[in-house]
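Morning, everyone. Please have the sequence and the model up on your screens. I'll go through it piece by piece.

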Amino acid sequence: YAFLLVGGFLLSNIAMGTFSLLVLIPAVLSVIMMHSISPQSVHRWVFLIQMLWQTLCHLWLQYKEHSMQEITRIRFIITISSLMLLTQRVTTLALDIHEGKIKIATRSSYLNNSILQYLHNLLPYFSYMIYFPALLGGPLLSFQLFKIHIETSGVKCTENCSLPVTKKFCFFLALELLKFLIRNKESALTIPQSYMINDIFVNWRTALLFKLTYYSHWILSESLLNTAGFGFKGYDNQGILVGNDLTDTDICTLETTNKISQFARAWNKTTAEWLRRLVFQRCTVHPLFVTFAFSAWWHGLHPGQIFGFLFWSVAVEADKRVHYYLAPLANSWFTKQLFKVFTWIQTQLVIACIMMAIENKSFSSLWLLSQSCIILFPLLYCLVLLLLPKRPRI
C-alpha cells in the first residue's frame with residue numbers, strides 16, 4: 001500500500017506539477033469524509049463535493065480556453081483527466097460503503113488508537129485513491145478487488161504473467177501502426193466522385209482515428225496495471241493463468257455491433273458500468289437520458305459534449321425501437337443479413353457523428369458538423385422517435 005501511495009504521489013508531481021494539488025486535496029478529503037460521516041449519508045456528500053470540485057476545475061479550463069484565449073498547459077489537461085478517474089474511485093467506494101459492501105470504521109472508533117495506528121488503518125484508502133498504475137488512466141477497479149490484488153500479490157508475481165502483457169503491448173503497437181497508415185494515406189483513401197459520399201467518409205475516417213486512439217490508450221493502461229500485478233488472480237489447478245474482467249477494451253464488439261445500445265455498453269466498459277450503477281439504476285425518471293446527461297457533466301460540459309451525449313441517448317432509444325419493430329419483419333435469411341448490414345452502417349455513422357461532436361467540443365465545430373452530410377444519420381433516428389411508438393415495458 002505504501003509503495004503504491006508513494007508512487008502515485010511522485011507520479012502526480014512529475015506529470016502535473018503544482019496542479020497535482022487539485023487531485024491530492026479531494027483524495028485526502030474524501031477519505032476523511034468516509035471515516036467521519038455515517039454510511040447512510042456518506043455517498044451523497046462525497047458525490048456532491050467531488051463533482052462540485054471537478055466541475056469548478058472544468059469551468060476554469062473552459063474560462064481559460066474561451067474567455068482568456070489561453071493555450072491550456074498539458075499538465076492541467078492531465079490533471080483534469082486524473083481528477084475524473086479519481087471521481088470514479090471516490091464515488092464507487094462511497095457507494096460500496098453506503099450499500100454495506102464495505103464496513104468502514106468511523107473516526108470515533110479510532111480515538112483509543114495512536115496516531116500511527118490511525119494512519120495505518122487509513123493507508124489502504126489513501127493508496128486506492130492515487131495508486132500510480134491507475135492515476136493517469138486504466139479501467140476502474142473496485143476497492144474490494146484492489147485489496148485482494150494487494151494482499152495476494154505474492155501468488156501472482158511469476159514470469160508467466162509477462163505473456164498477456166506482451167500480447168497487449170504488441171496489440172498497442174499494431175493499433176499505432178494502423179493509425180499511422182490511415183493518417184498518412186489520406187489522399188489514397190478519399191473518394192472524389194461524390195461530395196456527399198466523400199464528406200461522410202472523411203468524417204467517419206476522422207472518428208475512426210479518435211476511436212483507435214482510445215483503443216491504444218486503454219490497452220496501454222491495462223498493460224501497465226497488469227505489469228503492476230493487477231488483473232491476475234494467480235493460477236488454477238492446471239497451472240493456467242487466471243485473470244478477471246479488468247478491461248475497457250472490446251474492439252471486436254465495438255466495431256461489429258449493429259446496435260448502438262450495445263456499443264454504449266462496450267465503449268469504455270468499466271466507465272459504462274460505473275455510470276449504470278451510479279446513475280441509471282438509481283434514477284426513476286428517464287434514466288437513459290439522465291445517465292447520458294450526467295456523462296456530459298462528468299466529461300466537462302463543453303457544448304459539443306452536451307450535444308453529443310444527449311444525441312447519443314436519443315440514438316440509443318431510437319435504435320432500440322428500430323430493432324424491436326423492424327427486426328421481426330426480416331423473415332428470410334437474406335433480409336435478416338440485409339437488416340444487419342444496414343443497421344451496422346447506421347450504427348457506425350451515428351457513432352462517428354457523435355464522436356466528432358464530443359471530441360471537437362466547441363460551438364464553431366458543432367456548426368461545421370451541422371453542415372456536414374453525416375448529420376443526416378442521427379437526424380434520421382430523431383425521425384424514428386417521432387414515427388415509432390415506445391416499446392412496451394416488460
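Which residues does threonine 257 touch, not counting residues up to four places away in sequence? They are Gln262, Phe263, Trp344 and Thr347. Touching, or contact, means heavy atoms within 4.5 Å.

Before going on, some ground rules. This is a predicted model, where local features need pLDDT of at least 70 and side-chain atom pairs count only at pLDDT 80 or more, while totals for chains, interfaces and linings use all residues. Residues are numbered from 1 along each chain as its sequence is written, and side-chain values use heavy atoms, with hydrogens and water left out.

Back to threonine 257. Find it in the loop between α10 (251-256) and α11 (260-266). Those labels follow DSSP runs numbered from the N terminus: H or I for helices, at least four residues, and E for strands, at least two. Is threonine 257 buried or exposed? It is buried, with a relative accessible area of 4%. Here are the cut-offs: buried is under 20% relative accessible area, exposed is over 50%, and partly exposed is in between, using a 1.4 Å probe and protein chains only. The threonine 257 side chain also reaches the backbone nitrogen of lysine 259, at 3.1 Å. That is a polar contact: a pair of N or O atoms within 3.5 Å, where within protein one must be able to donate a hydrogen and the other to accept it, and residues adjacent in sequence count only if both atoms are side-chain atoms.

Now the overall picture. The protein has 17 helices and two strands. Of its 394 residues, 46% are buried. Take the contacts between residues at least 6 apart in sequence: 76% of them join residues at least 24 apart.

Next, a helix. α2 covers residues 21-34, which is 14 residues. From first C-alpha to last, α2 reaches 20 Å, close to the 20 Å expected at 1.5 Å a residue. The expected span is 1.5 Å times one less than the number of residues. Several α2 residues are buried, among them Leu22, Val23, Pro26 and Met33. What do the buried residues of α2 pack against? Four helices are on the list: α1 (2-16), α3 (39-67), α4 (74-98) and α5 (115-130).

Let's take α3. The axes of α2 and α3 come within 10 Å and cross at roughly 170°. Axes are lines fitted to C-alpha atoms, for helices over the stretch in contact, and angles run from 0 to 180 degrees between N-to-C directions. So α2 and α3 are roughly antiparallel to each other. On the scale used here, under 35 degrees is roughly parallel, over 145 roughly antiparallel, 65 to 115 roughly perpendicular, and the rest oblique. On the α2 side, the contact includes Leu22, Ile25 and Leu29. On the α3 side, it includes Val42, Trp45 and Gln50. By class, the contact has 13 nonpolar residues, one polar and no charged. Nonpolar covers Ala, Val, Leu, Ile, Met, Phe, Trp, Tyr, Cys and Pro; charged covers Asp, Glu, Lys and Arg; the others, Gly among them, are polar.

Stay on α3. Glutamine 54 lies in this helix. Glutamine 54 is buried, at a relative accessible area of 1%. A polar atom of its side chain lies 2.7 Å from the backbone oxygen of tryptophan 298. Leaving aside neighbours within four places in sequence, glutamine 54 is in contact with Leu83, Met84, Thr87 and Trp298.

Move to the loop between α4 and α5, where isoleucine 102 sits. Isoleucine 102 is buried, with a relative accessible area of 9%. Isoleucine 102 and phenylalanine 143 are 41 residues apart in sequence, yet 8.7 Å apart in space, C-alpha to C-alpha. Beyond neighbours within four places, contacts of isoleucine 102 include Leu93, Tyr125 and Phe143.

Asparagine 268 has a positive phi of about 50°, although it is not a glycine. Asparagine 268 is in the loop between α11 and α12 (269-278), and counts as buried at 17%. Lysine 361 is not a glycine either, and has a positive phi of about 70°. Its place is the loop between α15 (333-360) and α16 (363-370). Lysine 361 is partly exposed, at 33%.

Last stop: tyrosine 195 in helix α9 (residues 195-227). Tyrosine 195 counts as exposed, at 62% relative accessibility. How many residues separate tyrosine 195 and cysteine 373 along the chain? The count is 178, while their C-alpha atoms are separated by 9.2 Å.
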